[in-house]
Amino acid sequence: LVGGLLITTGAALALALTIRRRKRAEEQLRAFTRDVEAFLAQTSDFVYFKDVESRLRFCSQTLAQITGHASWREMIGKHDREIFPAETARIYEEEEAPVLTQGTPLLNRVDPYYTANGERRFVQTNKWPLFDENGRVSGIFGISRDITDLKRTQEELAAYRDHLEELVTTRTRELLEAKEA
């Protein structure tokens, strides 16, 4: 007798097996959730999942911090227009449109962004479509990595190269003038 019902031995064994499987599945789900939350809390990249309306489903803590949020949980359900300056949000909307409408990934895109204190920085971004069980786009998964230091170094090297080219041109002209003299 279980919960006021008479259950046969076979049914009791089946029920016990079902309960055991459910408990195992629940523990696996808890472990997976714990791992994902640890990843979101510790990655230095801006990781995010958005629905088809471009509202955040979840994101990394790093993204929350650069946008002035204490926790990534505060950002759930927000649109880029509620998080970023208007120009930045417009850029993101334009580049996500083909991902959402055509299912086309966006790879290695470099975009500016602004931190919560207004500092202009740069990210290299990849965005992929998420598909539902019917093959329709159901959202976006994106990873953006801050490349500001790399971009600044590249600009410094380009400026140095340009300066060296000017020096070579000037020195070559001076040597030719000296030879003619």
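Biologist: Are Glu96 and Lys127 buried or exposed?

Modeller: This is a predicted model, in which local features need pLDDT of at least 70 and side-chain atom pairs count only at pLDDT 80 or more, while totals for chains, interfaces and linings use all residues. Residues are numbered from 1 along each chain as its sequence is written, and side-chain values use heavy atoms, with hydrogens and water left out. The scale is relative accessible area: under 20% is buried, over 50% exposed and in between partly exposed (1.4 Å probe, protein chains only). By that scale, both Glu96 and Lys127 are buried.

Biologist: Which elements hold Glu96 and Lys127?

Modeller: Glu96 and Lys127 form a salt bridge, with the closest N and O atoms 2.7 Å apart; the rule asks for a side-chain nitrogen of Lys or Arg within 4 Å of a carboxyl oxygen of Asp or Glu. Elements are DSSP runs numbered from the N terminus: helices (H or I) of at least four residues, strands (E) of at least two. The pair therefore ties together parts that are 31 residues apart in sequence, Glu96 being in helix H4 and Lys127 in strand E4.

Biologist: What is the relative accessibility of Asp45, which meets Arg145 in a salt bridge?

Modeller: The side chains of Asp45 and Arg145 come to 2.7 Å, N to O. Asp45 is in the loop between helix H1 and E1 and Arg145 is in strand E5, so the bridge joins parts 100 residues apart in sequence. Arg145 is partly exposed at 49%, whereas Asp45 counts as buried at 10%.

Biologist: What is the angle between the ring planes of Phe84 and Tyr92?

Modeller: Rings of Phe, Tyr and Trp (its six-membered ring) pair if their centres lie within 6.5 Å; planes under 30 degrees apart are stacked, over 60 edge-to-face and the rest tilted. Phe84 is buried at 10%, and Tyr92 is buried at 9%. Their ring centres are 5.2 Å apart, and the pair is edge-to-face because the planes stand at 90°.

Biologist: Which element gives the most to the largest nonpolar core?

Modeller: A nonpolar core is a set of buried Ala, Val, Leu, Ile, Met, Phe, Trp, Tyr and Cys residues joined through side-chain atoms within 4.5 Å. The largest has 16 residues, and Phe46, Cys59, Leu63 and Met75 have the most contacts inside it. E1, strand E2, helix H2 and helix H4 each supply at least two residues. With 3 residues, the element that gives the most is H2.
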